[in-house]
Amino acid sequence: MTEPERNRRLVVLAGPTAVGKGSVAADIRAHHPEVWISVSATTRRPRPGELNGVHYWFVSDEEFDRMVEEDDLLEWAVVHGQNRYGTPRQPVDLALASGQPALLEIDLQGARQVRQTMPEALFVFLEPPSWEELVRRLVGRGTEDEAERERRLATAREELAAQPEFDVSIVNREVHAAAEELVALMEQGLDE
Ligand code: 5GP
């Protein structure tokens, strides 16, 4: 069976918790204004320095319910069993219609949903350099108790097992290099 033609204009970046997806997306935001990056809606509260409409659309539970009911979200998920996160559909459609390369940085559950509705997108898995390094990034701060640590490691094992579902993997040894690799993938074939 031949691989379906991938639309490199829409790239979905996912990977295990703490692998550094957010940092890679931030690096692309800083260096590649030609790449459109989706701004997700979330019910979590902003962290210091996070701006509404830049890092996320910070919405109430009621507002999120409304977006789900009205089918405004391309995908959504409860992440870490806590808050809801989702990709507003219309801005993605507009970016793609205008021919801009578009990037979604979302969790695995969200990536699986996009796979159902937009299978032609390019699905990229961000990989840690090694299991030990992922453990270091996950539990590095050492502020969690043993049960929490075990829970995070179990989740990470499951998340890593999803890698074969993806079209391409990028190893996040260094954030800027991984970001450049991703942008190069997005730009490949666009002018053909
Ligand atoms: P944080 O709260 O640290 O910014 O993000 C937590 C997690 O939510 C990250 O793994 C991130 O990829 C995921 N996430 C952010 N936006 C979305 C979204 O729109 N949909 C889904 N499914 N996950 C998201």
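Colleague: Which residues does Arg84 touch, leaving out those up to four places away in sequence?

Modeller: In this predicted model, Arg84 touches Ala41, Thr42, Thr43, Asp61, Phe64, Asp65, Trp76, Ala77 and Val78 once residues up to four places away in sequence are left out.

Colleague: And where does Arg84 lie?

Modeller: Arg84 lies in strand 6, which covers residues 83–88.

Colleague: Is Arg84 buried or exposed?

Modeller: Arg84 counts as buried, because its relative accessibility is 15% and the cut-off for buried is under 20%.

Colleague: What does the side chain of Arg84 make a polar contact with?

Modeller: The partner is the side chain of Asp61, at 3.1 Å. Asp61 is also one of the residues that Arg84 touches.

Colleague: OK, moving to Glu50. Where is Glu50 found?

Modeller: Glu50 sits in the loop that runs between strand 3 (41–42) and strand 4 (57–58).

Colleague: Buried or exposed, that Glu50?

Modeller: Buried: the relative accessible area of Glu50 is 18%, and under 20% is what counts as buried.

Colleague: Which side chain does the side chain of Glu50 make a polar contact with?

Modeller: That of Arg44, at 2.8 Å. Not counting residues up to four places away in sequence, Glu50 touches Arg44, Arg45, His55, Tyr56 and Phe58.

Colleague: Now helix packing. At what angle do helix 1 and helix 7 pack?

Modeller: Helix 1 (residues 21–31) and helix 7 (residues 175–187) pack at about 70°, and their axes are 9 Å apart. The two helices are therefore roughly perpendicular to each other, since angles of 65 to 115 degrees fall in that class. Their crossing is right-handed.

Colleague: Which residues make the contact?

Modeller: Helix 1 brings Ser23, Val24, Asp27, Ile28 and His31, while helix 7 brings Val175, His176, Ala178, Ala179, Leu182 and Val183. By type, the residues of this contact divide into seven nonpolar, three polar and one charged.

Colleague: What about Val35, where does that one lie?

Modeller: Val35 is in the loop between helix 1 and strand 2 (36–37). Val35 counts as buried, because its relative accessibility is 7%.

Colleague: Which residues does Val35 touch, not counting those up to four places away in sequence?

Modeller: Ile28, Pro101, Leu103, Val183 and Met186.

Colleague: How many residues apart along the chain are Val35 and Ala102?

Modeller: They are 67 residues apart along the chain, with their C-alpha atoms separated by 5.9 Å.

Colleague: Got another pair like that, say for Pro91 and Trp36? What is the C-alpha separation there?

Modeller: The C-alpha atoms of Pro91 and Trp36 are separated by 9.6 Å, and the two residues are 55 apart along the chain. Pro91 lies in helix 3 (residues 89–97) and counts as partly exposed, at 34% relative accessibility.

Colleague: Back to helices. Which residues of helix 5 are buried?

Modeller: In helix 5 (residues 131–139), the buried ones are Glu133, Leu134, Val135, Leu138 and Val139. Helix 6 (146–160) is part of what covers them.

Colleague: How far apart are the axes of helix 5 and helix 6, and at what angle do they pack?

Modeller: The axes are 11 Å apart and the angle is about 135°. That makes helix 5 oblique to helix 6, and the crossing is right-handed.

Colleague: Which residues meet there?

Modeller: From helix 5, Trp131, Leu134, Val135, Leu138 and Val139 meet Arg149, Arg152, Leu153, Ala156, Arg157 and Leu160 of helix 6. This contact divides into eight nonpolar, no polar and three charged residues.

Colleague: Last topic, backbone angles. What is the phi of Ala18?

Modeller: Ala18 has a positive phi of about 75°, although it is not a glycine. Ala18 is found in the loop between strand 1 (7–14) and helix 1, and counts as partly exposed at 31% relative accessibility.

Colleague: And what is phi near for Asp71?

Modeller: Phi of Asp71 is near 60°, again a positive value in a residue other than glycine. Asp71 lies in the loop between helix 2 (61–69) and strand 5 (73–79).

How values were computed: Residues numbered from 1 in each chain as written. Predicted model: local features only at pLDDT ≥ 70, side-chain atom pairs only at ≥ 80, totals over all residues. Heavy atoms only, no water. Helix = DSSP H or I, 4+ residues; strand = E, 2+ residues; numbered from the N terminus. Buried < 20%, exposed > 50% of the residue type's maximum accessible area, 1.4 Å probe, protein only. Polar contact = N/O pair within 3.5 Å; in protein donor to acceptor, adjacent residues only side chain to side chain. Contact = heavy atoms within 4.5 Å. Axes fitted to C-alpha atoms, helices over the stretch in contact; angles between N-to-C directions. Parallel < 35°, antiparallel > 145°, perpendicular 65-115°, else oblique. Left-handed = near helix turned anticlockwise from the far one by under 90°. Nonpolar A, V, L, I, M, F, W, Y, C, P; charged D, E, K, R; others polar.
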